[in-house]
Amino acid sequence: MKISENLAPLARTAALGALALTAFGTLAAFAQETAPAAADAAAAAAPVPDKGDTAWMMLSTILVLFMILPGLALFYGGLVRAKNMLSVLMQCTMIVAVVMIVWVLYGYSFAFGGGTSPYWGGLGKVFLAGVTPDSTAATFSEGVVIPEFVFICFQMTFACITPALIIGAFAERIKFSAVLLFVVLWVTFVYFPIAHMVWDASGLLFGWGALDFAGGTVVHINAGIAALIGSIMVGKRSGYGRDNMAPHSMTLTMVGASILWVGWFGFNAGSNLEATGGAALAMINTFTATAGAIIAWVGIESLARGKASMLGAASGMIAGLVAVTPAAGLIGPVGAIVLGAIASAFCYYFVTVVKIKAGYDDSLDVFGIHGIGGIVGAIGTGVFASASLGGIGYAEGVTMGGQVWTQILAVLVTIVWCGVVSAILYKLVDAIVGLRPTVEAESQGLDLTSHGEVAYHS
């Protein structure tokens, strides 16, 4: 046998090995080339928050906090008598702090926990379980997200301001402990369920197609109804109808109202959840509806009383802001002017006529402005959202009549849920800690008797 014949099998084996190595190298190279593509596809499947949207929502969140502290606190504080100024400031401050804790512990989960119930969000995100700096929340655009912590903070400020609005109805005559206990119970059993029903994708009213861009039902009707029930169940202020109970500082009230208007841009335009043209629409409507409402209130007051007051202008300002809240990103700027003016007229009538005839003591007109303004705004949204009136239009197959009826149903659900549960909670709080301070404490002023300090020194 020749040597070449003995080496032939070895040569064939070497050739096959070389071929295998070549094939392996080709596969490795292909894998290296396709791996980035696969990674890119995975990245494309998981949207990344836009820095501009994130920055806008962080700013909006801070603006809503600014609405409460110092805005609402000063607005309400100026409207009460000097001896109760600090009590209002303290109630607003503590409500914000308490609701923030409740929101993080379980409120966010109850409202937006990912559950499928039409009435609450479940326990899936109690203690913010599963929320990280990398987790995201959806917006109104497909594939556009914001950091979930930002969404949590934004919604948290809404949960804070809503119960703070209520206290104006029984200002100057309620125990500090009663306020705090009521607020914890109220946000748990009224605010969180309504927020879920209106704003969560699995919510009852969301499923009906009810429109509430920034909180007409969730915030204003909710607070207004609870305020009306509270003003009746807590009772009238001592000396109501006999003593002078005029605002002690219209200057502070004007400052507070102005801060509210500025902060409301975070409230309304921020509810778009993105820094887009939708936010710009909500922004201009927050300007125009408020302007229309101020002019309407002052005009009506001038005709009815012969004088235009600063209190009237401030009241019209808030009425317009309330009315445009549910409609802000859905109607046109001219429609917003009309909606603001209509709401202002209704609010004026309830504040100056209905309250007097009915005989309830809604100290700072929470129901007359927030409740009535919210109802007019919520129903008016169904009208002015029409494309023929400058709005963005309805969902496919929905008519103006159909949308208005849906809005009315959403308003009724909110009124009934809030009214019944709030009445039960007031009774419960009264049984546990009592709602009213003593007559002597109320006469001396809650600043001194509840907090041991006074706002002003002579």
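Predicted model: local features only at pLDDT ≥ 70, side-chain atom pairs only at ≥ 80, totals over all residues.
Arg81 is buried, with a relative accessible area of 13%.

**Stop 1: Arg81 and Glu172**

Display both side chains together. Glu172 and Arg81 meet there in a salt bridge, with 3.1 Å from N to O. Side chains of opposite charge can pair when their charged atoms come close.

Now extend the selection to Arg173, Arg237 and Asp361. Together with Arg81 and Glu172, these residues are linked in a network of salt bridges. Over the whole structure, a search finds 8 salt bridges.

**Stop 2: Lys125 and Glu148**

Select Lys125 and Glu148, which form another of the salt bridges; their closest N and O atoms are 2.4 Å apart. This pair links distant parts of the chain, with Lys125 in the loop between helix 3 and strand 1 (136-138) and Glu148 in helix 4, 23 residues apart. Are the two partners buried or partly exposed? Lys125 is partly exposed, with a relative accessible area of 21%. Glu148 counts as buried, at 3% relative accessibility.

**Stop 3: Asp365 and Lys355**

Move on to Asp365 and Lys355, whose side chains meet in a salt bridge of 2.8 Å, N to O. Asp365 is in the loop between helix 11 and helix 12 (366-384), and Lys355 is in helix 11; the two are 10 residues apart. Asp365 is buried, with a relative accessible area of 15%, and Lys355 is buried, with a value of 10%.

**Stop 4: Aromatic rings**

Turn now to the aromatic side chains, among which a search of the whole structure finds 24 pairs. Select Tyr106 and Phe110 to see one of them: the pair is tilted, with 4.9 Å from centre to centre and 50° between the planes. Tyr106 counts as partly exposed, at 21% relative accessibility, whereas Phe110 is buried, with a relative accessible area of 16%.

For an edge-to-face arrangement, select Tyr360 and Phe367. Their ring centres are 6.5 Å apart and their planes stand at 75°; because planes over 60 degrees apart count as edge-to-face, the pair is given that name. Both Tyr360 and Phe367 are buried.

**Stop 5: Helix 11**

Select helix 11 (residues 333-358), where Ser344 is found. Ser344 is buried, with a relative accessible area of 0%. Which residues does Ser344 touch, not counting those up to four places away in sequence? They are Ala293, Ala296, Trp297, Gly316 and Ala319.

Val338 is also found in helix 11, but Val338 is partly exposed, with a relative accessible area of 37%. Show Val338 as a surface together with Val334, Ile337, Ile342 and Phe346. These five residues make a nonpolar surface patch of about 420 Å².

**Stop 6: Ala257**

Select Ala257, which lies in helix 8 (residues 250-269). Ala257 is buried, with a relative accessible area of 0%. Leaving aside neighbours within four places in sequence, Ala257 is in contact with Phe75, Ala314, Met317 and Ile318. How far apart are Ala257 and Ile318 in sequence and in space? They are 61 residues apart in sequence and 7.2 Å apart in space, C-alpha to C-alpha.

**Stop 7: The annotated domain**

Finally, select residues 55-456. UniProt, in an unreviewed entry, places the feature "domain: Ammonium transporter AmtB-like" there. Over these residues the chain is 68% helix and 1% strand.

Note on methods: Residues numbered from 1 in each chain as written. Heavy atoms only, no water. Phe/Tyr/Trp six-rings, centres within 6.5 Å; stacked < 30°, edge-to-face > 60°. Buried < 20%, exposed > 50% of the residue type's maximum accessible area, 1.4 Å probe, protein only. Helix = DSSP H or I, 4+ residues; strand = E, 2+ residues; numbered from the N terminus. Contact = heavy atoms within 4.5 Å. UniProt positions renumbered as here; feature names shortened; annotations may be inferred. Patch = residues over 30% accessible without salt bridge, like charges linked within 9 Å, V, L, I, M, F, W, Y side chains within 5 Å. Areas by Shrake-Rupley, 256 points an atom, 1.4 Å probe, with all protein chains shown as cover. Salt bridge = Lys/Arg side-chain N within 4 Å of Asp/Glu carboxyl O.
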